[in-house]
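Dear colleague,

I am passing on the structure we spoke about, with the sequence alongside. Please open it before reading further, as my notes are meant to be followed with the model on screen.

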Amino acid sequence: MVRGFGITVLLGLLTFGLGSLAASFPDPLKLSGSVLIHDPSLIQRASDGKYFLFTTHNRGGILTATNLAGPYTTVGSILSSDSTINLPGRDDIWAPDVSFHNGKYYAYYSVSTFGSQNSAIGLATSSSMDPGTWTDHGQVIASKTGSPYNAIDGNLVIDEHGSPLLTFGSFWSNIYQVNLGSNFQSLSGSPTQVSFNATSPQPEEGAFVWKHGSFYYLFFSSGTCCGFDAKNLPPPGNEYKVFVGRSSSAHGPFLDKSGRDLRNTGGTLVLASHGNVYAPGGQSIFTDSKSGKDIFVYHYIPVNSPQPYSDVYASLGLNAIDWSSGWPVLKSI
């Protein structure tokens with residue numbers, strides 16, 4: 001989700017249906033205190049309902065809170081030392097994706113450097129999510145220069161057969177999936193492409209699959225994520241934003257609201273810049289046990305900050321999801 005090609009992304013605005021960028025989006029939940037974060041993954045601990053928030057950098061930083069609105073306190077990291085994956089970036093892991101299965105918490109994380117295809121997705125597990133309790137199991141899948149994909153931004157979902165499925169990818173040919181073995185780490189079969197934006201430089205990443213009702217929804221971020229210059233911003237609509245497609249199978253094919261396949265530059269807009277929210281993305285979802293609502297979790301760059309449009313101040317965004325139309329519509333919490 002934080003990849004940084006450092007170039008303007010020309011997305012083909014009409015193809016993606018971005019005439020709707022003028023649509024109204026709700027503001028994120030007002031938080032108690034500032035929560036600076038990238039690529040957030042938010043989950044509640046089953047035993048006590050405590051909120052655990054995970055972020056890029058700091059070896060998978062962990063923040064906790066007793067209320068959704070915070071305050072959030074930094075308590076440590078997923079990894080207590082560098083990842084066992086022997087690649088550049090092993091000391092600064094990205095985009096943790098945390099979920100609970102079979103009495104255990106699974107955290108998929110990325111090891112890479114900006115603009116590189118020499119990447120890998122790793123796995124760590126814990127029984128409680130507390131710092132110091134995580135075991136690093138190392139590599140799940142890797143890529144190298146010339147691979148058809150970039151092995152970062154992993155997201156785990158359980159498919160309709162009860163089997164683990166990893167969705168991943170960034171830029172290079174975009175979003176892929178691969179089946180995992182029963183240990184949630186070994187690969188079963190070869191990766192297959194599930195989403196592709198043909199517009200150079202193929203700006204899709206940060207996929208997240210969520211099941212609601214009869215459908216699996218594939219969300220992804222598209223556009224320039226970071227490294228903005230307030231005096232030279234990309235053309236409006238070329239910055240980060242979130243799209244979605246859906247399928248009756250976790251494996252796809254995923255179609256947008258107009259029926260276009262995500263593999264053919266499809267995608268229905270979910271969230272884009274508005275008001276103080278700029279370049280929102282890096283999304284995930286969890287169900288809040290206290291309210292029963294599905295919560296859309298993302299980062300955004302606040303326009304009004306000590307350094308306007310600087311991703312140094314990337315902040316946590318939270319909205320509720322209204323599924324009544326069969327498609328995700330964000331609402332205020």
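Below is what was found in it, taken by topic.

Please keep in mind throughout that this is a predicted model.

Aromatic pairs

The structure holds 19 aromatic pairs, of which I describe some here. In the pair formed by Tyr51 and Phe286, the ring centres are 6.2 Å apart and the planes stand at 80°, so this pair is edge-to-face. Because Tyr51 belongs to strand 2 (residues 51–55) and Phe286 to strand 17 (residues 277–287), the contact ties together parts of the chain that are 235 residues apart in sequence. Tyr51 is buried, with a relative accessibility of 1%, and Phe286 also counts as buried, at 5%. Phe296 and Tyr298 are both buried.

There is also a cluster, in which ring pairs link Phe215, Tyr217, Trp323 and Trp327. One member of that cluster, Phe215, has Arg246 lying over its face, at 3.9 Å from the ring centre. A further contact of a charge with a ring involves Lys211 and Tyr216, where the charged end of Lys211 sits over the ring, 5.6 Å from its centre.

The disulfide

How many disulfides does the structure hold? There is one, and it joins Cys225 to Cys226, with a distance of 2.3 Å from S to S. Both of these residues, Cys225 and Cys226, are buried.

The largest pocket

The largest pocket has a volume of about 380 Å³, and its lining is made up of 22 residues, among which Ser99, His101, Phe208, Trp210 and Ile285 lie nearest the centre. Which strands each supply at least two residues of that lining? They are strand 1 (41–44), strand 5 (94–101), strand 9 (155–158), strand 13 (204–212) and strand 17. Strand 5 gives the most, contributing five residues to the lining of the largest pocket. When the lining is sorted by class, 13 residues are nonpolar, seven are polar and two are charged. Strand 17, which supplies residues to this lining, is also the strand that holds Phe286, described above as the partner of Tyr51.

Backbone details in the loops

The peptide bond from Gly70 to Pro71 is cis, with omega near 10°, and Pro71 lies in the loop between strand 3 (61–65) and strand 4 (73–77). The peptide bond from Gly252 to Pro253 is likewise cis, with omega near 5°, and Pro253 is found in the loop that runs between strand 15 (241–247) and strand 16 (268–271).

Positive phi values in residues other than glycine are the next item. Asn58 has phi near 55° and is placed in the loop between strand 2 and strand 3; at 46% relative accessibility, Asn58 counts as partly exposed. For Tyr309, phi is near 70°, and this residue is in the loop between strand 18 (294–302) and strand 19 (315–322).

Residues apart in sequence, with their distances in space

Two further residues, each in a strand, can be set against a residue elsewhere in the sequence. Gly138 is in strand 8 (residues 135–143) and is buried, with a relative accessibility of 4%. Between Gly138 and Asn86 there are 9.3 Å in space, C-alpha to C-alpha, while the two are 52 residues apart in sequence. Tyr105 lies in strand 6 (residues 104–111) and counts as buried, at a relative accessible area of 2%. From Tyr105 to Arg45 the C-alpha to C-alpha distance is 9.2 Å, and the two are 60 residues apart in sequence.

With best wishes

Key:
Residues numbered from 1 in each chain as written. Predicted model: local features only at pLDDT ≥ 70, side-chain atom pairs only at ≥ 80, totals over all residues. Heavy atoms only, no water. Phe/Tyr/Trp six-rings, centres within 6.5 Å; stacked < 30°, edge-to-face > 60°. Helix = DSSP H or I, 4+ residues; strand = E, 2+ residues; numbered from the N terminus. Buried < 20%, exposed > 50% of the residue type's maximum accessible area, 1.4 Å probe, protein only. Lys NZ or Arg CZ within 6 Å of the ring centre and 35° of its normal. Disulfide = S-S within 2.5 Å. 1 Å grid on protein atoms, 1.4 Å probe; cavity = no way out; pocket = protein on both sides within 12 Å on 5 of 7 lines; lining within 4 Å. Points joined across faces, edges and corners; volume = space filled by probe spheres on them. Nonpolar A, V, L, I, M, F, W, Y, C, P; charged D, E, K, R; others polar.
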